[in-house]
Amino acid sequence: MYEKTFPNKRFKHTLEFLKKHVPTSQTILDLGVDNPFSKIMKEEGYTVKNTTGEDLDINQNVFSEEKQDVVTAFEIFEHLLNPYTILTEIKSDKLLISIPLRLWFSSAYRSKTDMWDRHYHEFEDWQLDWLLEKTGWKIIDREKFTHPVKKLGLRPLLRLFTPRYYIVYAERV
């Protein structure tokens, strides 16, 4: 996935937000398979357990196993058909989620070769907020940030100042 580009700005921003809310003494269940950012979290001293590639829309057994202090879902919820169920099944009391925001000048992302690399949801910030509220989470902190690309054109220009990512720290009510 990151063969040609590495999202340095997004990873830096996500790590700063994580450090702001989660001490390294707390254990993390990171939704999604082991990835470059879960490796960064481990290098920073976090104890991280990743899911193993199971379809979380169908199988939520990972949440009934040992309880971790925090669940992280960095760019995962947009791939799920039913994030409501996942949010109700989480046993941890703390949650960090980041999502790419729906952009009015760009259609939903869909890989033609990898069925797991597709966005079913492209949220606006209020939609994720509402989903968290409906599933028993209280948002403690939230931020939006841009992710410019090094290309020429109208959309790359818009990406310079249009927030692309939304990150949220929430606690169970």
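The legends below describe close-up views of a predicted model.

Figure 1. The chain has 173 residues, and 47% of them are buried. Among contacts with a separation of 6 or more, 64% join residues 24 or more positions apart. The accessible surface of the chain is about 9,900 Å², and carbon and sulfur atoms contribute 53% of that surface.

**Figure 2. The aromatic pair of Phe-11 and Phe-37.** Four aromatic pairs are found in the whole structure. In one of them, Phe-11 and Phe-37 are tilted, with 5.3 Å from centre to centre and 50° between the planes. Phe-11 belongs to helix H1 (residues 8-21) and Phe-37 to helix H2 (residues 36-43), so the pair links parts of the chain 26 residues apart. Phe-11 counts as buried because its relative accessibility is 7%, under the cut-off of 20%. Phe-37 also counts as buried, at 4% relative accessibility. Ring pairs join Phe-11, Phe-37 and Phe-74 into a cluster.

**Figure 3. The surroundings of Leu-31.** Leu-31 lies in the loop between strand S1 (27-30) and H2. With a relative accessible area of 1%, Leu-31 is buried. Which residues are in contact with Leu-31, leaving aside its neighbours within four places in sequence? They are Thr-51, Leu-56, Phe-63, Val-71, Thr-72, Ala-73, Ile-76, Phe-77 and Ile-86. Glu-54 is 23 residues from Leu-31 in sequence, and the two C-alpha atoms are 10.0 Å apart in space.

**Figure 4. The backbone at Glu-75.** Glu-75 is found in the loop between strand S3 (70-74) and helix H3 (83-89). Most residues other than glycine have a negative phi. Glu-75 has a positive phi, near 55°. Is Glu-75 buried or exposed? Its relative accessibility is 14%, so Glu-75 counts as buried.

**Figure 5. Salt bridges of helix H1.** The search of the whole structure finds eleven salt bridges. In one of them, the side chains of Lys-12 and Glu-16 meet at 3.1 Å, N to O. These two residues are separated by about one helical turn because they are four residues apart in helix H1. Lys-12 counts as exposed, at 53% relative accessibility, whereas Glu-16 counts as partly exposed, at 43%. The side chains of Lys-19 and Glu-44 form a salt bridge of 2.8 Å, N to O. This pair links distant parts of the chain, with Lys-19 in helix H1 and Glu-44, 25 residues apart from it, in the loop between H2 and strand S2 (47-50). Lys-19 counts as partly exposed, at 46% relative accessibility, and so does Glu-44, at 35%.

**Figure 6. Other charged side chains.** Glu-89 and Lys-91 form a salt bridge, with 3.8 Å between the closest N and O atoms. Glu-89 counts as partly exposed, at 29% relative accessibility, and Lys-91 counts as partly exposed at 42%. A network of salt bridges links Lys-20, Asp-141 and Glu-143. Arg-164 lies over the face of Tyr-165, at 6.0 Å from the ring centre.

**Figure 7. A nonpolar patch on the surface.** The patch is formed by Leu-154, Leu-157, Leu-160 and Phe-161, which together have about 440 Å² of accessible area. Phe-161 is placed in the loop between helix H5 (154-159) and strand S6 (165-172). Phe-161 counts as exposed because its relative accessibility is 55%, over the cut-off of 50%.

Conventions
Residues are numbered from 1 along each chain as its sequence is written. This is a predicted model: local features need pLDDT of at least 70, side-chain atom pairs count only at pLDDT 80 or more; totals for chains, interfaces and linings use all residues. Side-chain values use heavy atoms; hydrogens and water are left out. Buried means under 20% relative accessible area, exposed over 50%, partly exposed in between (1.4 Å probe, protein chains only). Contact means heavy atoms within 4.5 Å. Accessible areas come from the Shrake-Rupley method with a 1.4 Å probe; for residues, only the protein chains shown count as cover. Patches are made of residues with over 30% relative accessible area and no salt bridge: like charges are joined within 9 Å, nonpolar side chains (Val, Leu, Ile, Met, Phe, Trp, Tyr) within 5 Å. A salt bridge is a side-chain nitrogen of Lys or Arg within 4 Å of a carboxyl oxygen of Asp or Glu. Rings of Phe, Tyr and Trp (its six-membered ring) pair if their centres lie within 6.5 Å; planes under 30 degrees apart count as stacked, over 60 as edge-to-face and the rest as tilted. A charge sits over a ring if NZ of Lys or CZ of Arg is within 6 Å of the ring centre and within 35 degrees of the ring normal.
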